[in-house]
Amino acid sequence: MKMRIMHELVGYDPKTDQESFSFRVPEGRDEDVKRLVAIPADDPDAVFSYELEPAKANDIAGLIGAGPLDPALAYYLEPCSEPLHTAEPPPSSPLQSSERPRT
């Protein structure tokens, strides 16, 4: 199965190191977010986590519709993966068969 790298804006409670929230970066905004974070050339897919200053995290939150953020949290841009879906059903799928189901 092929995977693609997506990204999330993640906020952690610095007192407990527990994740407080995460917002998925919409596919159409991924490149904009990577430019805002200034991902280095040696990590073009942004497979590493990047710590964000609160102002930059708020800029990203505004861009992806996540709203104003709590300044007390620690923010990161983190990668996550998602399966790539194909337009064609798998060969074993009954949808690919030219036969009509019998009723």
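Biologist: Why is Tyr76 called partly exposed?

Modeller: This is a predicted model, and in it Tyr76 has a relative accessible area of 24%. Buried means under 20%, and exposed means over 50%. The value for Tyr76 is 24%, so Tyr76 counts as partly exposed.

Biologist: What makes Tyr12 and Tyr76 an aromatic pair, and why is the pair called edge-to-face?

Modeller: Take the centres, then the planes. The ring centres are 5.7 Å apart, and the limit for a pair is 6.5 Å. The planes make an angle of 80°. Planes over 60 degrees apart count as edge-to-face, so the term applies to Tyr12 and Tyr76.

Biologist: Which parts of the chain does this pair tie together?

Modeller: Tyr12 sits in strand β1, residues 3–13, and Tyr76 sits in strand β4. The pair therefore links parts that are 64 residues apart in sequence.

Biologist: Why is the Phe21 and Phe23 pair called tilted?

Modeller: The centres of Phe21 and Phe23 lie 5.0 Å apart, with 55° between the planes. Stacked needs under 30 degrees, and edge-to-face needs over 60.

Biologist: Which residues form an aromatic cluster?

Modeller: Phe21, Phe23 and Tyr75 form one aromatic cluster. The structure holds three aromatic pairs.

Biologist: What is Tyr75 in contact with, leaving aside its neighbours within four places in sequence?

Modeller: Its partners include Leu9, Phe21, Tyr50, Leu52, Ala57 and Leu69. Contact here means heavy atoms within 4.5 Å. Tyr75 is also among the residues with the most contacts inside the largest nonpolar core, along with Leu9, Val37 and Leu52.

Biologist: How many residues does that core have, and which elements each supply at least two?

Modeller: The core has 18 residues. Helices α1 (30–37) and α2 (54–64) and strands β3 (50–52) and β4 (74–83) each supply at least two. Helix α2 gives the most, with four. In soluble globular proteins, nonpolar side chains tend to be buried together.

Biologist: In what order do the elements run?

Modeller: From the N terminus, the order is β-β-α-β-α-β. That is two helices and four strands.

Biologist: How much of the chain is buried?

Modeller: Buried residues make up 30% of the 103 residues. The chain exposes about 7,400 Å², with carbon and sulfur atoms supplying 53% of it.

Notes:
Residues are numbered from 1 along each chain as its sequence is written. This is a predicted model: local features need pLDDT of at least 70, side-chain atom pairs count only at pLDDT 80 or more; totals for chains, interfaces and linings use all residues. Side-chain values use heavy atoms; hydrogens and water are left out. A nonpolar core is a set of buried Ala, Val, Leu, Ile, Met, Phe, Trp, Tyr and Cys residues joined through side-chain atoms within 4.5 Å. Buried means under 20% relative accessible area, exposed over 50%, partly exposed in between (1.4 Å probe, protein chains only). Accessible areas come from the Shrake-Rupley method with a 1.4 Å probe; for residues, only the protein chains shown count as cover. Rings of Phe, Tyr and Trp (its six-membered ring) pair if their centres lie within 6.5 Å; planes under 30 degrees apart count as stacked, over 60 as edge-to-face and the rest as tilted.
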